[in-house]
Amino acid sequence: MKKIFFYFVSISVIIFSGILFSNTSLLGLIFIIFIGLYRGSATGSTIGFFLGLTDGIFASSTFGVLSFSYAVVGYVTGRLPGRIDEENPLAQIIIVFIGVIFSKLISIILEMIFTGNKGILGIGWEFIFVIFVPLFFTIFKKWWLLWFEKLTVER
Amino acid sequence: MYKKNPTILLSFYLIISILILSFNVNPSIKAARDFLFYVIISPYSKIDSAIFSVNRFGNNIKELVDAHQQILDLKNENKQLLTDLLKLKILEVENKRLTEILNYKKNLKRKINIARIIAKPSQQYYKSLIIDKGIDDNLKENRAVYGYYKNHFGIIGQLIDVSKNTSQVLLITNRISKIPGRIIPAGVDGIILGNETNELEMAWIPIDAEIKIGDEVVSSSASDIFPSGIPIGIIVSISQSGHLPFKSAQVKPTIPAFQLTDVFIE
């Protein structure tokens, strides 16, 4: 129950920060990857689905696209081999970068299939966020430890 | 249980997502999306509006403080400008007066010094005044003193007491002043006496002299202090001197000495 409340608060904070500061559009995806890496693919895909669903309400994309792509990203990060060091800042940056690209690709494909809109895979200024991924991971860890005693890797 | 089968869980999520996507144009899906949007955005809009109001209130206070400070600054600036304007006006008047004096001095053929009146006691209006030039400026006693007032030049007195840096001027209106004068155009001479009022008395005018009110009185060649022909005043009234064969005239001085700030000394 505490975990559900934790995820609910986290998603709310991410969504509201996205509304208040439109520059933080990647924050949700970073959080999903963080959860996927540490809590496994089941939690990653669940958080990805709900965060994508909520994010989809405000996003200009077709409703359902983000819930699909975020759920897939959360699942895949939870399936990454155990030998990948999730504490390594460089690994974090690379995983998030690939995750963002992957998510965008899925979104474009889905938009094409269901709406016929031909999307463009653009690498915008928001990718600067990727550089600060280790910082966000540290913040998320602190945030987790504020609620729970320890953070164990379950993938 | 679901943790052991994450793939099934993902499949479930993907199916739901695809269903949502498939029925995206469905009005009920759209309505659900709008409802969720409203539920999430309405508290945010209230928070945003409150933050905006607080910011606006803060900005208003800041603007008020800034405006108040600007008003104070402008008031001070205005005061300073008014003071400067007053100074400029004083300087303008002074400049105009000095320019007139200098222009007049240029036209004079005689060598003239200009001195500033430094003391003019009210009880001495018609008796004397003190100027800021003395022996150091080559002044001596019994030198003629002139004044320039409203485009008129005329005699106002003579130096009687010259010290190092100051001198006393005996005014022609002083009771002890007696200078020879001539009425023009009649060309008759008389003695001009001061009586410590704003008028002079000209005595010893031959009784048959053809003079009238408005005639000009100038310095006579009989004077060894004043050069002849310098204006002294205008006749304002004429009277008989008892049974003697002379008459006298009241003369209004050309230059009101108490109005001056500078004098000319020959």
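The stops below take in the confidence of the model, a pair of helices and then a barrel of strands.

Before selecting anything, keep in mind that this is a predicted model, and that it scores ipTM 0.85 and pTM 0.47. Now colour chain B by confidence: this chain averages a pLDDT of 84, and 90% of its residues score at least 70. Within chain B, confidence is lowest in helix H2 (residues 27-107), at a mean of 80, and highest in strand S9 (residues 216-219), at 92.

Next, select helix H4 (residues 65-78) of chain A together with helix H1 (residues 6-22) of chain B, whose axes come within 8 Å and cross at roughly 165°. Because of that angle, H4(A) is roughly antiparallel to H1(B), and the crossing of these two helices is left-handed. Show the side chains where they meet: on H4(A) the contact includes A:Phe68, A:Ala71 and A:Tyr75, while on H1(B) the residues include B:Leu10, B:Tyr13 and B:Leu14. The residues of this contact divide into 9 nonpolar, 3 polar and no charged.

For the last stop, return to chain B, where 6 strands close into a barrel in the order S6-S7-S8-S11-S10-S9, with antiparallel pairing. Neighbouring strands of this sheet are turned by 40° against each other on average, direction ignored. To look at one pair in detail, select S6 (residues 178-184) and S7 (residues 188-194) of chain B, which pair in the antiparallel sense over 6 bridges. Which residue in S7(B) stands opposite B:Ile183? Zoom in there, and you will find B:Val188 facing B:Ile183 from the opposite strand.

Definitions and conventions:
Residues are numbered from 1 along each chain as its sequence is written. Chains are lettered from A and ligands numbered from 1 in the order in which they are written. Two strands pair if DSSP finds at least two bridges between them. Helices (H or I, at least four residues) and strands (E, at least two) are DSSP runs, numbered from the N terminus. Axes are lines fitted to C-alpha atoms, for helices over the stretch in contact, and angles run from 0 to 180 degrees between N-to-C directions. pLDDT is the predictor's confidence in each residue, from 0 to 100. Angles under 35 degrees count as roughly parallel, over 145 as roughly antiparallel, 65 to 115 as roughly perpendicular and the rest as oblique. A crossing is left-handed if the near helix is turned anticlockwise from the far one by less than a right angle, and right-handed if clockwise. Two residues are in contact if their C-beta atoms, placed from the backbone, lie within 7 Å. Ala, Val, Leu, Ile, Met, Phe, Trp, Tyr, Cys and Pro count as nonpolar, Asp, Glu, Lys and Arg as charged, and the others, Gly among them, as polar.
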